Structures are given as C-alpha cells and as structure tokens.
Amino acid sequence: SNIFKRLEVLAPEHVPSRLPHREEKIKELTLAFRDLLSNLGLTSIRVVVSGPTGTGKTVTTKTFGNTFKSRLKDRGVKMEYIHLNCHKQRTLYLLTMEIASSLKLPIPVRGLSTQEAFRIIHDYLEKRNIYAIITLDEFDYFVNASSQEDVYFLVRLYDELSSATRRISYIFVMRDEQNISTLDRGIRDHIMRNLIYFNPYTSLELRDILADRVEDAFQPNVVPEETLNFIAELYGSDKGGSGNARLAIETLEMAGKLAEVKNSALVLPEHVKEAFSKINKEASEIVDEISYLELHPLIILKALINLHNRLKTDSIPIGRLEKEYSDICTELGEEPRRHTQIYEYVKRMRLMGILETRQSGRGMRGRTTLISLTVPVTPEFETLITKKMRMRLD
Ligand code: ADP
Ligand code: MG
C-alpha cells in the first residue's frame, strides 16, 4: 500500500509500546500496588480505575499488569495478570470459570458452586506460590447484573478465606464510579479506597497518541502535521470533543483508507472530514455495543423502533413496550421473557447508553417508566437491529 505500512497497529485491540500521557496513571497504579510487594501474602489490593470511554483505561491497566508482572518476576515472585471483561462474562460464575481457564486450571464445568470453584483456584495459586492481579474491566455491567451478594463475594474474598494467604488483588475498571454508589456503604468503602480517574484527552494529548500510530502504521510522510492536528482538534476535550482516543484512531484509519481509495498520495483534512461524518460518534459507539446483545434485548429494541415509527413519539411507556415486545416474540415463535427480566434488559441497555429512561411526570395516570432510544431511528439503525436479530435466531 502507498498509504499504510502496518494497518493492524490501528486496530482497537493493539497494545502500543508507549502510552503517551498515561505514564502518570501507570505510576499511580504502581504506587497503589507497592504494598503488595512489601507485604507479600499479607495484603490484597483493590483499585478502581474510572473514566469515560476511550480514555485508555483498558490499554493502560493491561500495560501496567504486564509490566508489574515482569517486575515481580525479576524479584523471583510469580504473578499472573488476568484481564477479564464483565461485558462478556456477566455473572460471578462465568467470571470464576474464566479466571480458572486463564490460569489453565481445569475445573469441572458443572456441579461446583462459585465458592468451591474459587477455593480450587486459591488452592492452585497457593500450591504453586503464585499471586494474581485480576482486572475486572467494564465492572459497571457486573454490578448492574449481579446481586449484592455476588459483588460482596468478589470484593470481600478474604473475609471468606480469612486464614488464607492474600493471593488475589483486583483492579475494577468502570466508566462511571457512581455505578457502585448504589451498593451499600461497606462494599463501597472497601472498593473506593484507591480511585484513579482517567480524564478525557485534550487535543495536544491526542496529537501525541496519534503521532505514534502514524509512525507505526503509515508509510513515511503520507500524513501531514496539519491532518494530525485536525483530527486531534475534532476530538480534544478542550475543543468540545469527547476526548476519546479510540474514535480519534478510528478516524485516522478511515481517513487513510479514503485517501487510498481516492489515489491520493497524502492523507488530507478533507479525508478526515469525510471519515468523521461517516463515523458519527454516537452511532459507531452504539453499533459496537449492540453486537454484544442477545436475542431478547434486540427484540426490545425492535419493539421500540416499531412503536417509535407508529406512534411518532420518542418516549414509550414501559407497559406499551412490553406489549409490542411480546407481540414480536409471538411472531418469532419465542417465549417472551417476564417483566422483571425485561426490566433488567432495559437497565442494562441504559447503562450501555442505548436507552434512556425517566419517570412520567404529571398529566399521566399513575407513574410509569418512559423509555426512549438515544440514537435517531434511521433506516440503517433499523436494518442493523433486524440483521442482528436474525443472526441470533439462526
Ligand atoms: P477505554 O478502555 O478507556 O475505553 P482503551 O484503553 O480501549 O480506552 O483505549 C482506546 C483506544 O485508544 C485503544 O486503541 C488504545 O490503544 C488507544 N489509547 C488510549 N490511550 C492511549 C495512549 N495514552 N497512548 C496510546 N494509545 C492509547
Ligand atoms: Mg475499555
């Protein structure tokens, strides 16, 4: 390619060798974990990392974890770093299984309680003298989807295993630490003692992040300064942007692809403009989220779209939504979920930023929850939902 040298450097899961403007956060993490070394086995550390999407929480905790691991190795301490996404593993049981499989520890899949499984994991670490830092990424989802009891179990592990050597420490990564404010005070204080906040990036910070990617991903001299600055200013929080590095990198990538298609020797601001409008911040973030949804939440979205089209209103009472939802289920030959489950799905999608909910005010009989989509109901959006629904039905 005349434009790209290594396109994979622009993929969201790529971990770059440097993290400009997050050195300080890595230091803070290292400081928070300092006691782990000086009190080996006597203390379990818990840290909360919070901040909006695209501020580098995932990439920074991963980098910290792996650096810390090799530092401990140099001192003859065995440590495993385990990074789990609660968006994918939503229950305590699934998380536990995932921890076991990260440790390559065979656990019988059925017939074990989480407590028993955790004990097996702990014995395994004990026998091999291994310590573990477990990052629970997108922890908001776990808190939202689990019982207090399960959250307690995770967080207060060593109250259950009181005599055990402290082998497991946690990093809880959250979009919004307010999501644990609903938990009772005991748990909250337990988790919140170390809070590390990630600010949205400014345009100067984004510029540096993008410059590294340009160097690694593009042919020499195809991305002019002006183009870089242009992207950085589109997203910089100081310029009214979201400060989201993920979207900035995505824009850079798409601008490069557009330049390539147009046989341009350079990636120009005009390519950035086109890329920017294509990406359309909200839509792209949400599409990403939607691809994780199961069938029934998708049917709920479909029901909202139908009602939106039919009633020409944005706010739909939940009762109305449930009726439409169960009609679609009948059409599809699917057993409709119960009210409480539907409520859970709605809560989860609100957390994902797809839905908004509010209580009806005066003028409506009784009080009811009104639900609206946060994205415009475009034909593209409808097609996307229908397509995902069909994929789940196959
Ligand atoms: P979050 O988890 O906060 O949503 P991510 O860690 O996924 O954010 O970062 C989003 C994207 O931006 C990833 O591709 C990541 O590699 C990149 N990124 C974020 N911060 C930096 C940084 N300081 N330096 C280099 N790349 C970064
Ligand atoms: Mg993340």
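I started with Cys329 and found it buried, at 0% relative accessibility, where buried means under 20% relative accessible area, exposed over 50% and partly exposed in between, with a 1.4 Å probe and protein chains only. Cys86 is likewise buried, at 0% relative accessibility. I then looked for disulfides, taken as pairs of cysteine sulfur atoms within 2.5 Å, and the structure holds zero of them.

I note that this is a predicted model, in which local features need pLDDT of at least 70 and side-chain atom pairs count only at pLDDT 80 or more, while totals for chains, interfaces and linings use all residues. Residues are numbered from 1 along each chain as its sequence is written, chains are lettered from A and ligands numbered from 1 in the order in which they are written, and side-chain values use heavy atoms, with hydrogens and water left out.

**Ligand 1**

Which residues come nearest to ligand 1? Of the 21 residues around ligand 1, these are Pro20, Gly54, Lys57, Thr58 and Tyr201, a residue being near if one of its heavy atoms lies within 4 Å. I found an N or O atom in the side chain of Lys57 at 2.8 Å from an oxygen atom of ligand 1, and a backbone N or O atom of Pro20 at 2.8 Å from a nitrogen atom of the ligand. The protein covers 93% of the 560 Å² of accessible area that ligand 1 has on its own, an area from the Shrake-Rupley method with a 1.4 Å probe.

**Arg348**

I next turned to Arg348, which lies in helix α17 (residues 339-351); helices are DSSP runs of H or I with at least four residues, strands are runs of E with at least two, and both are numbered from the N terminus. Is Arg348 buried or exposed? Arg348 is buried, because its relative accessible area is 10%. Its side chain makes a polar contact with the side chain of Glu294 at 2.9 Å, such a contact being a pair of N or O atoms within 3.5 Å, where within protein one must be able to donate a hydrogen and the other to accept it, and residues adjacent in sequence count only if both atoms are side-chain atoms.

**Positive phi**

Lys104 has a positive phi, near 55 degrees, and lies in the loop between α4 (92-102) and α5 (114-128), where it is exposed at 71% relative accessibility. Glu138 also has a positive phi, near 55 degrees, in the loop between β3 (130-137) and α6 (139-145), but Glu138 is buried at 18% relative accessibility.
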